[in-house]
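The sequence and structure come next.

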Amino acid sequence: MSVERTLSIIKPDGVKKSVVGNILNRFETAGLKIKAMKMVHLSKREVEGFYAVHADKGFFDELTTFMSSGPVVISVLEGENAIAKNRELMGATDPKKADPGTIRADYSDYVGENTVHGSDAPETAATEIAYFFAVTELVN
Ligand code: CMP
């Protein structure tokens, strides 16, 4: 067990459905501490930079258009095995395959609008956190 940090994004569909508080409550109840948080409306270019690893995928334009369609809530979560714990709370990327009781099973309509993003490994967590937060913004 090790203390990790991970990046979480509550996507535009989650904000529109007013489930931000519910999702943050799931994180905190599971022992994940919110180190930093902000609500922002990202530009398409900012989203393209964040998801650059998917630039060659057929869904890239759909993904970046959706992620820049409205406000998102971005946070840094910290705790024991935070990366895996967050992914467990989120459920599978495709909500049709997500376990009952997970965020995506409860709130997501389909894979393109799957309510939350979470880092998938320590290296990506570090890169993703640095994309949105300066060290001085990790205030908690
Ligand atoms: P996320 O965890 O944010 O990482 C990349 C995102 O691409 C993923 O969640 C999905 O929302 C999206 N994605 C993956 N596969 C597809 C797909 N087949 N069609 C549309 N979007 C997809």
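## The pocket

A pocket, as used here, is an open set of grid points, where a 1.4 Å probe fits, with protein on both sides within 12 Å along at least five of seven lines. A molecule sits in a pocket if more than half of its atoms lie within 2 Å of the pocket's grid points. In this predicted model, the ligand takes up the largest pocket.

The space in the largest pocket comes to about 650 Å³. Its lining is made up of 26 residues, and those nearest the centre are Tyr51, Val53, His54, Leu63 and His117. Two or more lining residues come from each of α3 (44-50), α4 (60-67), α5 (82-90), β4 (116-118) and α7 (122-132). The most come from α7, which gives four. Sorted by class, the lining holds 10 nonpolar, 10 polar and six charged residues.

## The shell around the ligand

## Polar contacts and burial

For Tyr51, the distance from a polar side-chain atom to a ligand oxygen is 2.6 Å. In Lys11, a side-chain N or O atom is 2.7 Å from an oxygen of the ligand. A polar side-chain atom of Asn114 is 3.2 Å from a ligand oxygen. The ligand taken alone exposes 460 Å², and 78% of that is buried by the protein.

Technical notes:
Residues numbered from 1 in each chain as written. Predicted model: local features only at pLDDT ≥ 70, side-chain atom pairs only at ≥ 80, totals over all residues. Heavy atoms only, no water. Polar contact = N/O pair within 3.5 Å; in protein donor to acceptor, adjacent residues only side chain to side chain. Areas by Shrake-Rupley, 256 points an atom, 1.4 Å probe, with all protein chains shown as cover. 1 Å grid on protein atoms, 1.4 Å probe; cavity = no way out; pocket = protein on both sides within 12 Å on 5 of 7 lines; lining within 4 Å. Points joined across faces, edges and corners; volume = space filled by probe spheres on them. Nonpolar A, V, L, I, M, F, W, Y, C, P; charged D, E, K, R; others polar.
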